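Me: I would like to learn how to read strand pairing and core packing in a model. Please take one feature at a time.

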Amino acid sequence: MLERKDLRHIAQETLRHYQERADAFRAGTQDHDVSQNIAALLTNIQGKPPFRILDFGCGPGRDLRAFTAAGHQAIGLEGLAEFVEMARAASGCEVWQQDFLALDLPAAYFDGIYANASLFHVPSQELPRVLAELRAALKDGGVLFASNPRGNNEEGWNRGRYGAYHDLQSWRRYAEAAGFAEITHYYRPTGLPFEQQPWLASVWRVS
């Protein structure tokens, strides 16, 4: 059982890891092709665009630019101050600095939430609460996209970052318990054998 001081340590040390590598992280990820993930979210949102999208863990702002270029209203959420400034400068979008474990989100506000390589940093103990908070921030019928490095439900420190590495069955249990219904899931990169697909992507609708 992780106590409050443990959770604070997890958040602080994980953010420190990114802080020490902020410029290198931006340079190393700015050309990653995640168009499949962006499309998986947008094509499953019902209603007439433009949509209001929360980029949960937006990092330096790469995907905020993509959502804005597609005509949507994108808002970033990021825990690291350096990334918040980078994302604002790169995208021109509103970016909120918030700890993943201490969210303050408006209710029923977003058409979609895009959590690309971010929710795996939430300890499993806290994941039900965080997913419930994300669900509450979505409009009726809203859509959550999540992509995380998959595993066999290991959890702990990995090269300076805290992570929880769920398999599909485990992730599905958490999402469904939080009030989401699965739309689809897939593994990335596409076209490779399963053992060479480290990413589990999934799309969920508020049920």
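Reply: Start with pairing: two strands pair if DSSP finds at least two bridges between them. Helices (H or I, at least four residues) and strands (E, at least two) are DSSP runs, numbered from the N terminus. In this structure, Leu54 stands opposite Ile113 in E4, and three bridges join the parallel strands E1 and E4. This is a predicted model, where local features need pLDDT of at least 70, side-chain atom pairs count only at pLDDT 80 or more, and totals for chains, interfaces and linings use all residues. Residues are numbered from 1 along each chain as its sequence is written, and side-chain values use heavy atoms, leaving out hydrogens and water.

Me: How many bridges join E1 to E2?

Reply: Five, and these two strands also run parallel. Arg52 stands opposite Gln73 in E2.

Me: Which residues touch the most other members of the largest nonpolar core?

Reply: A nonpolar core is a set of buried Ala, Val, Leu, Ile, Met, Phe, Trp, Tyr and Cys residues joined through side-chain atoms within 4.5 Å. Here the largest has 31 residues, and Leu54, Phe56, Ile113 and Leu119 touch the most other members. Helix H6 (127-137) is one of the elements that supply at least two residues; H6 gives the most, five.

Key: Buried < 20%, exposed > 50% of the residue type's maximum accessible area, 1.4 Å probe, protein only.
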